[in-house]
Amino acid sequence: MSAVRIGPYTLPNRLILAPMAGVTDRPFRALCRRLGAGMTVSEMLTSDVRLWNSRKSRLRLPHEDEPEPRSVQIAGGDPQMLAEAARRNVELGAQIIDINMGCPAKKVCNKAAGSALMKNEALVAEILQAVVAAVEVPVTLKIRTGWDRANRNGIAVARLAEQAGIAALAVHGRTRADLYSGEAEYDTIAAIKQAVSIPVFANGDIDSPEKARRVLDATGADGLLIGRAAQGRPWIFREIEHYLRTGERLPAVTAAEVEPVLLEHLAALHLFYGEELGVRIARKHVGWYLATLSGAGEFRARFNRLDSTDAQNTQVRQFFAERHDDGEGVAA
């Protein structure tokens, strides 16, 4: 596989963990890097620095002591606020600033941020120029293919990005109106890739090694962003990387292999957030990890009532002990 560069950084492979609010926190990023992601991107952080004193923002802010390059995503609709947020994050250790113009969530779009910005190309250009001018580090951009299917302006926005000095572009192959439904439009990503010379990363529905290969072939993209498919399956990066390199699939992960990864993840969540919040956040991750295993529904109902680190660890070990007996595997 050819190397991917973002500014001065050469990524070890073409696979990037996509930023996801409430998911791609420091513990999950570290785990995905260890299991094969070439780069990870932090959870979205508001560009309004006045809101950074909230517990949620404080947990997202420190960037030191993570593998390089450290990419931090910011969101907002005001060029100067975004520029200030970029500067402050670089002071806190960010090595790449990623601007969100791809989030379709109403609470983000209603504030004229995320993918709502694609409606206003003049503002897009102003934002990109302000942020690029504010920092010495590479600035990247995440977009969708357009606002809705009648307004697919991804190519125009990509050209604005290149002109503004954006170092790389990630494209989710849906419009804002599509949210996460329907099939991703890889032909639109291919057209965007043809229109600019900066690295372009494809995003959307990449959930298997074979799909990763097909998307790279169909789009000509320089790399892939993988989001929802990594939830409860952080080893997907290792599986895809191996397949792209060799053309062969790794053996399916077994329940016996999932257990230590899940326990490692739980320990990191409990340590990072503290017991009370860590226990709450662990519940959704455990649900994702166990989704394809028999008895997961009943177990999750019980697990979600547990309120201590020790109880969670004990129950996870017990769940897997029962499955080791019958050698159950994990569906891909």
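1. The lining of the second largest cavity is made up of three nonpolar, four polar and four charged residues (Ala, Val, Leu, Ile, Met, Phe, Trp, Tyr, Cys and Pro count as nonpolar; Asp, Glu, Lys and Arg as charged; the others, Gly among them, as polar). This is a predicted model, in which local features need pLDDT of at least 70 and side-chain atom pairs count only at pLDDT 80 or more, while totals for chains, interfaces and linings use all residues. Residues are numbered from 1 along each chain as its sequence is written, and side-chain values use heavy atoms, with hydrogens and water left out.

2. The volume of the second largest cavity is about 90 Å³. It is lined by 11 residues, and R29, T40, E66, R70 and S71 are the closest to its centre. Volume is the space filled by probe spheres set on the points, which are joined across faces, edges and corners. Helices are DSSP runs of H or I with at least four residues and strands are runs of E with at least two, numbered from the N terminus.

3. How many cavities of 30 Å³ or more does the structure hold? There are three of them. The largest cavity contains about 110 Å³ of space. Its lining has 16 residues, and V41, D98, T140, A170 and L225 lie nearest the centre. By type, the lining of the largest cavity splits into 11 nonpolar, three polar and two charged residues.

4. Two helix pairs can be described together. In one, α3 (residues 79–91) packs with α5 (residues 121–134) at an angle of about 30°, and the axes are 8 Å apart. Axes are lines fitted to C-alpha atoms, for helices over the stretch in contact, and angles run from 0 to 180 degrees between N-to-C directions. α3 and α5 are therefore roughly parallel to each other (angles under 35 degrees count as roughly parallel, over 145 as roughly antiparallel, 65 to 115 as roughly perpendicular and the rest as oblique). The crossing of α3 with α5 is right-handed, meaning that the near helix is turned clockwise from the far one by less than a right angle.

5. In the other pair, α8 (residues 209–219) and α9 (residues 236–246) pack at about 55°, with axes 8 Å apart. α8 and α9 are therefore oblique to each other. Their crossing is right-handed.

6. Helix α3 also contains V90. V90 counts as partly exposed because its relative accessibility is 26% (buried means under 20% relative accessible area, exposed over 50%, and partly exposed in between, with a 1.4 Å probe and protein chains only). V90 and V135 are 45 residues apart along the chain, and their C-alpha atoms are separated by 7.5 Å.

7. E68 and P69 are joined by a cis peptide bond with omega of about -5°, and P69 sits in the loop between α2 (55–60) and β6. D205 is not a glycine, yet its phi is positive, at about 65°. D205 belongs to the loop between β10 (200–203) and α8, and it counts as partly exposed because its relative accessibility is 21%.

8. Is M20 buried or exposed? M20 counts as buried because its relative accessibility is 11%. It lies in the loop between β3 (15–17) and α1. M20 and E43 are 23 residues apart along the chain, with 5.5 Å between their C-alpha atoms.

9. Two other loop residues are partly exposed. From N151 to T175 the C-alpha distance is 8.5 Å, across 24 residues in sequence. Y180, in the loop between β9 and α7 (186–195), is partly exposed because its relative accessibility is 44%. The C-alpha atoms of Y180 and G204 are separated by 8.4 Å, and these residues are 24 residues apart along the chain.

How values were computed: On a 1 Å grid over the protein atoms alone, a cavity is a set of points where a 1.4 Å probe fits but cannot get out, and a pocket is an open set with protein on both sides within 12 Å along at least five of seven lines; lining residues have an atom within 4 Å of a point.
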